[in-house]
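Here are my notes on this model. Please read them with the structure open.

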Amino acid sequence: MAKSNVDVVVVGAGFAGMYLLHELRQNGFSSRVLEAGDDVGGTWYWNRYPGARCDIATTDYQYTWDPELFEEWQWSEKHAAQPEILRYAQFVAKKHDLYSGIDFEVRVEKAAWDDAAKKWSIHTSTGETITSRHYVMATGCLSVPKDPDISGTDRFTGDVYVTGRWPHEEVDFTGKRVAVIGTGSSAIQSMPHIAAQAKELVVFQRTANFSMPAQNGPQPADRRARLKADRIAYQSEARMSPTGVPMEMATVSALSVSREEAFSMLEKSWQKGELLQIGATFSDVGINRAANEVVCDFMRSKIHEVVKDPETAETLSPRGHAYGTKRPCMDTNYFEVFNMPHVRLVDIRKKPITSITETGIDFAGESQEFDAIVYATGFDAMTGAIVNVDITGKNGITLKKKWESGPLTYLGLTTVGFPNFYMITGPGSPSVLSNMMVSIEQHVEWIRDALLDMRAKGFDTIEPMPEAEEDWRVHCTDCADITLFQDTNSWYMGANVPGKPRVLFPYIGGVGRYRRICTEALQRGFVGFEMQGNGKHQMNPGPVRLMQPDVEMMLDAMAMLELPPIEAMSPAEARGFMDASATMRAPGPDVGEIVDGTFPGAAGDLEYRIYRPASQGPHPIVVYYHGGGWVLGSHTSDDPMCRDLCERADVMIISVNYRHAPEARFPAAVDDAWEALKWVAGNARQLGGSADRIAVAGWSAGGNLAAVVAQMARDNGGPALCGQLLLTPVTDGSRQSASYDENGEGYVLTKNVMEWFWNHYASTEDRKQVKASPLLAKSLANLPPAMIVTGQFDPLRDEGNAYARALSEAGVQVKRIQARGHIHTSITMVDMLPSGKSVRAKMASGLREFFVGK
Ligand SMILES: Cc1cc2nc3c(=O)[nH]c(=O)nc-3n(C[C@H](O)[C@H](O)[C@H](O)COP(=O)(O)OP(=O)(O)OC[C@H]3O[C@@H](n4cnc5c(N)ncnc54)[C@H](O)[C@@H]3O)c2cc1C
């Protein structure tokens with residue numbers, strides 16, 4: 001007799017529920033696993049349509065938690081078919097005696113949290129109520145087929161099939177007139193099989209999809225060899241990769257090579273027949289529409305090569321959505337189907353279905369009779385199976401209600417108001433944007449580790465904190481914002497289900513990065529969670545480290561290059577290194593005009609570069625001081641950002657050089673910066689700008705100089721400044737802020753590099769002078785309005801914020817931008833890190849505001 005009070009109830013016995021059951025047992029937790037179907041396998045139990053197979057090569061789509069399986073189970077194909085994957089699930093279940101822990105043909109209908117008992121009450125279709133301390137939804141992301149939103153579906157008297165609920169017995173279409181509605185992955189896989197049997201096949205397509213040949217065959221030798229040679233290394237590569245499949249990271253932009261070369265590179269990827277390879281051919285397919293369009297063109301050219309009738313080929317060619325923003329498909333002879341004489345394609349955007357009738361389908365003035373209709377209309381993805389269960393958390397709030405405007409989760413694993421409740425591959429986790437076997441294992445192991453840790457520490461309940469959930473929502477949005485997903489109506493965005501909120505449901509930041517974040521949350525003592533039990537109460541608001549995904553990707557790439565630390569170089573070597581790095585960056589946008597010249601510095605002529613907007617002048621002038629720790633850089637070293645600011649703000653940027661340390665130590669740079677400002681103000685009209693509309697700006701050490709000259713201008717009675725834009729400025733030579741410790745390592749500008757800069761620039765005594773540390777000024781009153789930008793992961797963050805606070809307290813108008821998930825250097829990386837774009841847009845609008853009404 002199964003127990004009705006257990007430690008953990010798990011819903012679902014697909015790969016997630018099966019592995020979780022194993023781990024719970026291994027660790028002495030009592031459990032009940034409840035499954036609606038009559039066998040294990042989940043997806044691979046329900047989706048028995050002809051041609052159903054795995055799109056990820058089975059070398060990668062298999063359990064890793066039982067190493068013996070690699071010897072005991074040999075896949076017959078690269079992309080195993082549904083029956084083989086189901087057999088694999090059954091094999092594992094038998095081997096580990098999982099069947100004995102699963103209740104089949106039991107549907108969970110309701111679950112409610114009892115806050116007094118600190119337990120869940122779970123009600124099933126068999127009328128049983130089970131209580132449990134913890135409740136896990138292993139209900140699958142693609143387990144609830146979506147009802148077709150077509151009128152008359154219940155009228156049809158012929159055979160009806162739904163790909164996601166295919167009959168267990170053989171279906172034979174021989175001699176039949178068949179309609180297939182939908183052209184997503186399931187339709188694309190099944191179509192060649194249906195077409196081979198049917199007398200007549202009509203395919204109703206709303207959206208054409210990108211698909212590539214699976215090139216199925218034996219297991220890929222290269223992957224198998226790598227797996228065999230070093231299984232652990234292969235698996236950890238998969239776990240830390242962006243998608244859960246080991247793959248080389250592309251470094252080339254699709255726009256940096258000729259079209260011919262791009263197509264030849266894509267052809268190589270195409271030949272591999274791997275789902276994720278095409279998109280991974282170039283570094284910018286997911287984030288740049290023009291780069292993505294190169295891939296789209298290639299994929300469309302392939303359709304036109306196969307499909308003989310040009311009109312049909314064009315109808316089958318996806319237009320209007322970026323590659324990858326709808327689930328790309330893999331097929332075996334899908335497009336070839338449309339060369340068969342008995343197959344017809346109907347574009348329902350042009351010829352909408354008006355109704356299903358008793359005998360067939362009415363569409364656009366036509367009425368066609370069918371013997372069978374196959375609905376391949378997709379799934380209520382990611383949240384469908386979760387909210388199908390009536391789940392009530394604390395204070396009587398239902399999950400359905402809470403998620404009305406979009407699923408809110410912390411780490412995609414938990415949600416506020418629902419203690420001891422967990423989701424496997426839920427919304428807000430990489431889930432359907434990953435090799436799901438890797439994601440399932442990671443979630444199961446996280447839940448297991450959390451339960452073990454709670455048990456060890458004597459906690460009964462765990463619940464995410466509202467701030468953590470909000471941080472995660474913002475981070476997920478940040479990640480989504482730099483991609484092309486938002487522009488496409490896809491099931492990833494909930495767009496296929498009427499009334500579903502329109503957000504990107506999965507987390508797009510990458511499998512490896514996500515794993516690091518989840519692990520950090522546990523290892524640092526349940527960061528973002530509130531825990532209770534045995535009279536103890538712990539709140540650990542965190543936060544976990546949430547970096548912009550492109551910034552983190554850059555850091556990963558830099559780590560792989562094992563670059564020498566700047567502080568180990570001489571200034572000359574460091575300058576050479578910086579110059580070499582600058583040749584690899586994107587140039588930035590075009591501006592109206594660029595003019596180079598010289599101005600009289602404090603000890604001789606120095607160079608400047610003017611960036612003039614294309615619009616009619618005279619323009620406001622921004623005197624700009626470059627970054628580089630007073631040691632590195634020049635008037636041209638921040639070229640892409642100066643162009644970007646000029647173009648966005650429609651202002652003239654004059655980037656001025658200054659003498660550098662250690663050859664010219666403090667206060668040489670200040671003296672030159674001051675001379676530059678005076679010279680620009682005195683020559684504003686000749687330079688084509690407005691004499692009464694001048695501001696200063698600078699990045700890093702340049703921000704320091706900009707802040708210092710703004711104070712000098714105030715103290716010397718001019719030049720009058722309209723504003724100061726300080727990007728991650730140095731304001732305090734004492735370097736004692738918390739951000740120095742938090743962010744002193746691993747974010748390009750390190751504590752050691754900063755020490756190296758200061759040592760070259762100024763003595764310990766000099767650092768206490770206001771002209772080195774503007775934060776030390778006796779008064780900051782009467783300074784021009786300021787915009788101060790700080791990076792979350794910058795050692796200089798706190799001193800920038802301290803300066804903003806001090807200015808504000810002195811009555812200066814201050815706008816502060818905290819660049820979430822950014823490091824010291826990332827905001828300046830124009831056209832390389834898309835996440836910096838919105839920060840620079842704010843900086844530009846801040847600059848424009850300085851001059852409003854002036
Ligand atoms: C056709 C198809 C092809 C796919 N191909 C790939 C691929 O190539 N690569 C990849 O990574 N992923 C693929 N997926 C995704 C696939 O869903 C996952 O890889 C994985 O199988 C999910 O396992 P799971 O255990 O999380 O969920 P599922 O396998 O969906 O299992 C969930 C189980 O929960 C049960 N359940 C749900 N609600 C209840 C309830 N209220 N009460 C009781 N039981 C319930 C269901 O009956 C189901 O058996 C594919 C999905 C489909 C549909």
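1. Start with β19. This strand pairs with β20 (residues 529-533) in the antiparallel sense, over four bridges. Strands here are DSSP E runs of at least two residues, helices H or I runs of at least four, both numbered from the N terminus. Two strands pair if DSSP finds at least two bridges between them. P464 has F529 in β20 as its bridge partner.

2. On provenance: this is a predicted model, where local features need pLDDT of at least 70, side-chain atom pairs count only at pLDDT 80 or more, and totals for chains, interfaces and linings use all residues. Residues are numbered from 1 along each chain as its sequence is written, and side-chain values use heavy atoms, with hydrogens and water left out.

3. The open sheet around β20 has three strands, in the order β19-β20-β21, with antiparallel pairing. β19 (461-464) and β21 (536-540) are the edges; each has a single partner strand, so one side of each is left without a neighbour in the sheet.

4. A second open sheet has five strands, ordered β7-β16-β8-β9-β12, and its pairing is parallel. Its edges are β7 (159-162) and β12 (343-347), each with a single partner strand. Five bridges join β8 (residues 177-181) to β9 (residues 200-205). V180 stands opposite V203 in β9.

5. Now the contacts of Y63. Leaving out residues up to four places away in sequence, Y63 touches G14, F15, M18, Y19, L69, F70, Y88, V92, M437 and E441. Contact means heavy atoms within 4.5 Å.
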